[in-house]
Structure formats: structure tokens, C-alpha cells
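Let's take a walk through this structure together. Have the picture open and follow along as we go.

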Protein chains: 2
Amino acid sequence: MTHEAQLAELKLRLREISDLRGAEAVLGWDQATYMPPGGAEARGRQLALLSRLGHERLVEPAIGRLLDALAPWAEAQGADSDAAALVRVTRRDFDRATRVPSAFIQRLSEHTAASYHAWERARPANDFAAMRPLLEKTVELSRELAAFYTGYANPYDALIDLAEDGMTVATVRALFTELRAGLVPLIAAIRARPETDDRCLAGDFPEPAQQAFGEQAIRAFGYDYTRGRQDKTAHPFMTKLGRGDVRITTRYRTDNLSDGLFSTLHEAGHAMYEQGIDDGLDGTPLFTGTTSGVHESQSRLWENLVGRSLPFWRHWYAPLQAAFPGVLDDVDVNAFYRAINKVRPSLIRTEADEVTYNLHVMLRFDLELALLEGTLKVADLPEAWRARVQSDLGVSPPDDRDGALQDVHWYGGIVGGAFQSYTLGNIMSAQFFAAARRDLGDLDGQIGAGRYAPLRAWLTDRIYRHGRKFTAPEIVQRATGQPLSITPYLAYLNTKYGALYGL
Amino acid sequence: MTHEAQLAELKLRLREISDLRGAEAVLGWDQATYMPPGGAEARGRQLALLSRLGHERLVEPAIGRLLDALAPWAEAQGADSDAAALVRVTRRDFDRATRVPSAFIQRLSEHTAASYHAWERARPANDFAAMRPLLEKTVELSRELAAFYTGYANPYDALIDLAEDGMTVATVRALFTELRAGLVPLIAAIRARPETDDRCLAGDFPEPAQQAFGEQAIRAFGYDYTRGRQDKTAHPFMTKLGRGDVRITTRYRTDNLSDGLFSTLHEAGHAMYEQGIDDGLDGTPLFTGTTSGVHESQSRLWENLVGRSLPFWRHWYAPLQAAFPGVLDDVDVNAFYRAINKVRPSLIRTEADEVTYNLHVMLRFDLELALLEGTLKVADLPEAWRARVQSDLGVSPPDDRDGALQDVHWYGGIVGGAFQSYTLGNIMSAQFFAAARRDLGDLDGQIGAGRYAPLRAWLTDRIYRHGRKFTAPEIVQRATGQPLSITPYLAYLNTKYGALYGL
């Protein structure tokens, strides 16, 4: 067989896996949006079947043989070539998938399903005791999972690496320590200033007007509705059902404008990344965003660096006022801008402002590592959480509902590897944005004029089109000319919030 | 292996096939309802893949071996037992699936996809010439398909048998000839009477009110929204995505009440059948309606025998008037009842009234048999169509758009085997309804009081719960105590339309 024929054979197999995953995404999307309650049981089975069929096809020895045969040839095309990236990334997925025995996967997914269902009841009931044995088991399984992967300095590097190809506990810890040192004095300075008045965000905001305004904004960003759509779900998400079909979901609160609006901008950022990947990568593992952190950098960039900026609102505030007649008449754009950027230490990660958000992430990162390393017992988690929230944020969770039971991640998945990507995304978003500003000239002027095409073209060229061809560190280096650094992010926060709070 | 273990093994395999088909149904539903245009290409591939995976699993030799091993044991459970029916029906599906080479299936489905796309353009363009070579090829492929099945008196019996297990060209022809003899004088008598005034059905009927009214009616029928939902599509349909998830779709015209209302009742009839199947049959080929004809009998029963009856409207007419304030104020229930039952020979099958509808079906049945038998050339089809419409209905299609190009069936599938089921459904609907009336006493009184539970319970007991355990002739015999007969249907039409037209 020629290398071309081997590549074609590999792509044929990968295409089938990709189509199975696309089908799985359709079923998952429907499950979250429109499925009637009676459909749950059959849907769970259908999803598990498609997932198994995809996994079976990925771990077939023929894939390993094709990768072996293709590797030298592909590498010779140049490390940046599609062929080299395809073989490299598929090898990574193949090794990961074959490393973990399917009996373990079965055991893990049965346990996480049970744990998730228990958590759905335990969280509203504030019943950490009910979750304790389940979480202990999850920690154990997470350790077992990490142990299947070898060659890491820290065994939990494996869990981080699953989400953030190329990142380690050590690199994340170093970044977080540095970031923390910059955030703490900024938060202290803000807390010494008078509290921002954000009452204008609470009011009567009819859902259809919120939906229409959000759609108008993300259409202007460049989210393509001929290749996507937006629906409502309990928890907003973005999902790719296939090439040309990248959907987002949002939820609305009629008594609060922020939730629906910023989650729309956020998910649109994820979606534009997926919509911007080179079509030539379709049907391969390269046809998706590269890591959770880089994905989050794009949602955060459009949500925060664009969507919570003063230039953005100089353009959109009049349309917003018109969308909700009477509600915002007495509020000027500067007051509105201050309100949507109010900094206030709080209990809930997903509701936190840009500045304090990262402290929520860091506490989760530290606590999950302590759980994995055995220096923290699950039984002691609620108290450790409370103490850390108190010391970091100066507020105290009245219960575990808004404490250790708050996020689904540990209860519906594994412990370790998920949270760091949120803050990595924030850090990268600022570095990308600073580089775009350097290259595009008057970026604020463009945003102030409602012109996002130059920014989106820059992001597409530097990030989106490459899909998974490069790792997060590579993408950062290529897009910005610098290694990953917290400097642009701290500069962004200090400048923006310094001005907002007169520091 | 014990027979119990063999049965369990068979069921495990069938469950997986059923889950693949459920997943396929989810993708198909989404394709028709919410999929953005950009998703079409990937969706086509995903659907083809799931269909292929389901087919591959069905034709596995292990299934044949399990069926062989189980047959005597299952038959010993009694012909009516679930085990016997399971082995019998799975054998039928297995034999059909293995009889046709997969290369032929591939060729057929590529051709029908191409033909369907061409028809989508050719019909609006009234361009039969463009379809001629494609339809000639379809006729050829339909003959080839029929030839794979052996043991039939007429080779085209195979095509009818695919949709109507147990029916043949001879039995259908005999029924149709008899029915035609009854319909022709009835239609002639009606045409001699003054035309019904149905202008009240054209007006301004806002979509949300149509949706709400339709939903109220089918909830009253017993369509279970916790195990289903209703959405909008270009062409209404019912689909089963899994146990507990049976959905319907409808379309609305704001200038005409009939279309949305009666298609809602029609699809709800299909859906209640699927919702009423015994859960114990889930995951097997028995867990669906038995034949197209019996399915159609249920949609027609709820749409026509209930939904176009005077007792139904005695109950629902006031709510309907209230749903469209001002529009129907000057129309009394009798005038409305006459309008929705207006008989008028027309060009379009799907818009035809109850009486003339069957003539549309019969002309298609006769023409497609002539095409298959070679007594009619595809080139001569448009003229043959026009002549038959003129002689049967006394109207003349101005073009092929509303003539030989009208229905999708021949252009997106095979020629033969589809149309007869519509009229068989009509015939059976009246036979079932008459038997229910005999058993339930004052059925009109119940319907007039908005009480459908007795009727639905009767249908569930006699028809729905059995799924595919029995063939159409068996179901008719079991449910009504009589073999299939046109007598109840002609009696129904003569009584109803005799009264309406003062014959």
C-alpha cells in the first residue's frame, strides 16, 4: 500500500468515528433541549451504544498499524503539515484510548452516572453526607485512571494532560501562584472602594427581547446561523453536531439581564471557534478546538474582552435600551458598563466577576489535587472549602449547597483535570487580545463601530482554522509570538478595573 | 445453551439494532425540524452510517442460527405468545434483509437519493422530461428488488408484502374493485347536489391558537406529552425515537384551518398507536405498529371517524370559536361540520376529501402496477395519469406538477407497494370503529361528551398493545371478529355523506 492509500484508509476509519460522535452530539443536544421526560431511559442506552461503537473503532489494532506505517512519512511532510498533525494527534488519542481497559471505562461510567443522579438530589438537599462515599469512590477511580497513563512527572499530570495537552501540574501551579500574587492586592484595593450600584441589571427583561438582542449581537460577531442555531437549556452549552452544524444554548432570567446576555456571547465564542476550523480537517480528530483552555479563551474573549468592554457598549447600548423600552432610560452607558463589571466576592463560581472568578478556580484546583494526593480526606472537604472561601474571598458559604456541592464536575465525572482550564482560558484570552490589538491597530475603534470582522479574521487565521493541529502552548506561541504568560491578563485587569474603581 | 439463554442473546442483539434505529430516528427528526441548512451533508452521512450499522447487525449469521435454534421451542409457547411472535417476525425481517445483496441496497439508495433531489427541482418546474430517465431506472430497480423475493404468485406481491405483511396484488385488487363499485355512484349522487359552502375554513387563523387548540384536542384523545412532543415541519409525520418518545409534527396555514388541525389529529392517531404498544415488547422488532395499512387505519380513525364527526364538533366547536374570536361567530356547528366534510373532486391526493381520496389511491395503484408489469411506459405516464384523473374525478390536471409528479413516493423510493396502504387504512378504520361501537355502546355519546378513554382503551386492547405480533388480516379478525371487509367502510360513507348531502 502506498502512503497515500494508507492515509486514505486511516481517514475513512476516522470519518466513521467522527460521524458516530456527531450522531452522539445530536442525541445529546436533543436530550438537553427537546426530549420529553419519557425518552430518558432509551436515550441513555442509545448514547452509551454510540459512544461504545466510536470507542471500539478507535482502539482497533488496524489504526495503530496505519499510524506506525504513516509516522515517518507524515513527519517528513513537515511538523506543521496536516498529515503530520493528523498522525500525531490520532496517535495521542489512540494511545489514550487503548491505555484504559474497557472494563474500567464501564465501571467508571456506571459510577459517574450513579454519582451524578445522587448529586442532582443531594445538592438541593444540602446533603454532603449522601455524596461522601460516592465522592470517595470517584477519587479512587480518578487515581486509577491517572495510573493507566505513564511517563508523567506527577501522576495527576495525566489528568490535566487529558484536557490540556502539554500542560502539567507544575506549569499550572506556577502560573496560578503568579496570578494569585497579582490578584490579591487588586481585589483588596477594589474592596476598599465604594460598592458599584448594579440595580439597573435587575428589572423586567422579557425573554423574547433578550433572545432577539443576543442574536443580533452574535450575528454581528460573526456566528453563522446557517451553520448553527440557538435554543434554551437549563445549563448553557455549545455543541458540534457535524460540519456546518455548531449549536449553542442559553437560559434567560426575566429578572436579570446578565445571565442570558453574557452566556449567549460566551457560547457564541466557543461556536465561532468551531465554525472557523478549516473544512479540510473535517472527519478527523483535528476538526475541533485544540484544548479546553484554548476553547475557554475564545468564549471568554468574546464574552469579556469584547462583550464587557466600554467600546462594545458605546455601540450596543442604544439598541439595548430600545429592546427594553423604559427599563434602562435613566441609566447611562457608563453606569451600565460599571454595573456589568461590578467586582464583588461571592459564593458561586459561575456568577463571579472577572477578577474574583480565578480565585474560585484556584481553590478547586488546590482542593482536588489535595484529594488526589491524599492530603485531604473527602470527609474534610466541606470544611476545607469553607475555610478557603473565607480566607480567599472573605465570604462564608452558609451551606455545602453553595460550597463543596456547588459544581457538577467532581460528581458527574472524575476529580482532577477540569477546573484549571477556566483560568488558563482567561489568561490566554488576554494574551490573544493584546496580540490582536498590536496587529490590528485601533481595535477599540473597530469594536466601538460594531466592526468585528478584523478581530474574527485574526482569530481565525491564528487560532480557529488550525483546529487541533497545535497544542495550547504552540497556539499561544504562534498566535502571539510569546510563550503563555500572565502579564497581559494582569495588565488587562489592572487597567480596566483600575479605571473602573479609580485606583 | 438453554432456550432462555438463546432468547436472551437474541434479544440483546435486537436491542442494539433497535437502539441504532432509535438514534437514526433522532437524527431524522432533527433533520426535519431544527437542523440548520449547513448540517445537511454531515447528517446524510451520519444517517447512512447508522442505517448500515443496523442492517449489518440484522444480517449477522448468528441471528439466523439463534432463530433456527429457537423456532420449535418458541412455537411450542403458542402462536400468540410473545416468544413465538418474536421469532416469527424477526425471521421475516432477517430473511428479507439477507435476501437483498448489500451492493444492490447501496445502488438503490444512491439512485433514490439522486432521484429525490432531482424531483425536488423538477416538480416545481413541471419538468417530467427531467424525471423520465430516473423514473425508468427506478422501475427497473423496483423490479430487481421484487425479484430477490421468491415464493409469490405475482412478483409484485413482494413489494406489497414489504409494507402489508399478508396482502397480495390479488387481495388488494379485489377490495379496490369492490370499493370502486360502491364509490362511483356515491360520488355521482353527491355531484348532483349543490356545492357545500366551506368559505368559513378560509380566514385568519393565527398559528399559536391553532397549535393550542390542536394540542388540547389530542391531549383529550390521550396523546401523552410526557412521552412525546409536537413540532413544525414542511410535511407532517410521526416518529418514534425510543420507548417513551413518540413525536409528531404538523404544519399550519394561517389562511386555512383544516390543514393544521386535521394533520394534528392524524399524526396523533399514529402516535397513540405507538404509545400504546406493550412495553414488554420494547427493544424487539415487535415494538412498532404492525403494517402501514393498520397504522393508517389509526391515523384515519382519529382524524376522520372521530375528528370529522358531528359528535366530536358538538363538544369542540365552542372552544374552537373561542380560540379564534370573531372568525367563526356567524357559523353554526352544522355549517362548520358540512364545510369540513365537503366533497369535491380535486387534483391533489393529500387535500382530497374522504370520499374521493380513495380514487386517487386506486389510480396510483393501477398505474404503478402497469409500470412494473411493463404495460405502461414511463414516457406515457403523464398522459395516462391525466386520462385517468379526467375519467375518475372529472377534473383535468393543468400540468404534471399536480399530475404524475405530484407524490414523492415514486421519486424518492421504489415504484410499488406504498399507495395501497392508504386506502386499506381507510377500509380498516371503519371496520374497527364499527366494532368499537358495537362493544362500547353509545360511542357517539361518549365522543359528544369529549370522553375518548373507552375508545382508546378498546383500540389499545385490540390493536395497539400487540405491536407487530399479528399481521394486518390477523389484527382485523381478532379486533372485529370478521375478516377484512369494505362493508363497514361503505356503510360509513353512505350514511355520513347521505345525511350530509340529503341523498
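A residue is called buried when its relative accessible area is under 20%, exposed when over 50%, and partly exposed in between (1.4 Å probe, protein chains only). By that rule A:Lys342 is buried, at 10% relative accessibility.

Before we go on, a word on what you're looking at: this is a predicted model, where local features need pLDDT of at least 70 and side-chain atom pairs count only at pLDDT 80 or more, while totals for chains, interfaces and linings use all residues. Residues are numbered from 1 along each chain as its sequence is written, chains are lettered from A and ligands numbered from 1 in the order in which they are written, and side-chain values use heavy atoms, leaving out hydrogens and water.

Back to A:Lys342, then. Its side chain meets that of A:Asp198 in a salt bridge, 3.5 Å from N to O; the term stands for a side-chain nitrogen of Lys or Arg within 4 Å of a carboxyl oxygen of Asp or Glu. This pair ties together distant parts of the chain, 144 residues apart. A:Asp198 sits in the loop between helix H8 (169–191) and helix H9 (207–221), and A:Lys342 in the loop between helix H13 (333–340) and helix H14 (354–373). Helices here are DSSP runs of H or I with at least four residues, strands are runs of E with at least two, and both are numbered from the N terminus.

Now hop over to chain B. B:Asp30 and B:Arg43 form a salt bridge too, with their closest N and O atoms 2.8 Å apart. B:Asp30 belongs to helix H1 and B:Arg43 to helix H2 of chain B, and both residues are buried. Over all chains, the count comes to 105 salt bridges.

So how do the two chains meet? Each of them, chain A and chain B, puts 38 residues into the contact (heavy atoms within 4.5 Å). Together they bury about 2800 Å², 54% of it on carbon and sulfur atoms; buried area is the accessible area (1.4 Å probe) that two parts lose on being put together, summed over both. Across this interface there are 10 salt bridges. One example is A:Glu41 with B:Arg243, at 3.3 Å from N to O. On chain B, helix H1 (3–33), helix H2 (40–58), strand S2 (238–242) and strand S3 (245–250) each supply at least two residues of the side that touches chain A.
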